[in-house]
Amino acid sequence: MRAASACYGYQRNGVMIAAASSVLWNNRAACGRRYKIRCIGAVNRGVSQDYQPCKGQSVVVKIVDYCPRGCASTIDLSKEAFSTNANTAAGKIRIEYTPV
């Protein structure tokens with residue numbers, strides 16, 4: 001059983017979705033906002049400078065949830081949105097995001 005989102009409960013919103021951290025959340029004001037996301041590099045310290053997780057593509061995501069406690073990122077991408085932008089082995093990436 002899938003979990004309900006903080007914005008839309010059990011309503012389906014596709015797979016190009018994301019959760020907003022408190023940086024963007026603003027008491028649910030982020031719900032439904034769309035952002036163009038582009039990977040700009042690796043996050044993890046100790047990663048070789050030669051390792052480039054980014055695929056050179058961007059994706060537009062819809063905010064449907066609040067990033068869970070402990071989420072240190074600005075936007076937590078769905079696995080489908082993440083894999084469009086970067087190699088999933090990277091785990092975390094640095095992103096640029098622009099409202100659309």
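Is C54 buried or exposed, and what is its relative accessible area? C54 is buried, with a relative accessible area of 17%. Here, buried means under 20% relative accessible area, exposed means over 50%, and partly exposed lies in between (1.4 Å probe, protein chains only).

**Before you start: a predicted model.** This is a predicted model, in which local features need pLDDT of at least 70 and side-chain atom pairs count only at pLDDT 80 or more, while totals for chains, interfaces and linings use all residues. Residues are numbered from 1 along each chain as its sequence is written, and side-chain values use heavy atoms, with hydrogens and water left out. The term pLDDT is the predictor's confidence in each residue, from 0 to 100. For the protein, the mean pLDDT is 89, and 90% of its residues reach 70 or more.

**View 1. The disulfide of C39 and C54 comes first.** A disulfide is a pair of cysteine sulfur atoms within 2.5 Å, and the structure holds two of them. One joins C39 to C54, with an S to S distance of 2.0 Å. This pair links distant parts of the chain, 15 residues apart: C39 lies in strand β2, and C54 in the loop between β2 and β3. The torsion about their S-S bond is about -65°, so the disulfide is left-handed. Like C54, which is buried, C39 is buried, with a relative accessible area of 5%.

**View 2. Now meet the disulfide of C7 and C31.** The sulfur atoms of C7 and C31 are 2.0 Å apart. Here too, distant parts of the chain are linked: C7 sits in the segment before β1 and C31 in the loop between α1 and β2, 24 residues apart. With a torsion of about -80° about the S-S bond, this disulfide is left-handed. C31 is partly exposed, at a relative accessible area of 22%.

**View 3. Look next at N26 and N27.** N26 belongs to the loop between α1 (22-25) and β2 (34-42), and N27 is found in the loop between α1 and β2. The phi of N26 is near 50°, a positive value in a residue other than glycine. For N27, phi is near 50°, again positive in a residue other than glycine. N26 counts as exposed at 55% relative accessibility, and N27 is exposed with a relative accessible area of 71%.

**View 4. S21 and its contacts are shown here.** S21 is in the loop between β1 (17-20) and α1. This serine is buried, with a relative accessible area of 4%. Leaving aside residues up to four places away in sequence, S21 touches Y66, C67, S73 and T74, where contact means heavy atoms within 4.5 Å.

**View 5. Finally, follow the strands across the sheet.** The open sheet has five strands in the order β4-β1-β3-β2-β5, with mixed pairing; two strands pair if DSSP finds at least two bridges between them. β4 (75-77) and β5 (93-99) stand at the edges, each with a single partner strand, so one side of each is left without a neighbour in the sheet. β1 and β4 pair in the antiparallel sense over three bridges, and A19 stands opposite D76 in β4.

Notes: Helix = DSSP H or I, 4+ residues; strand = E, 2+ residues; numbered from the N terminus.
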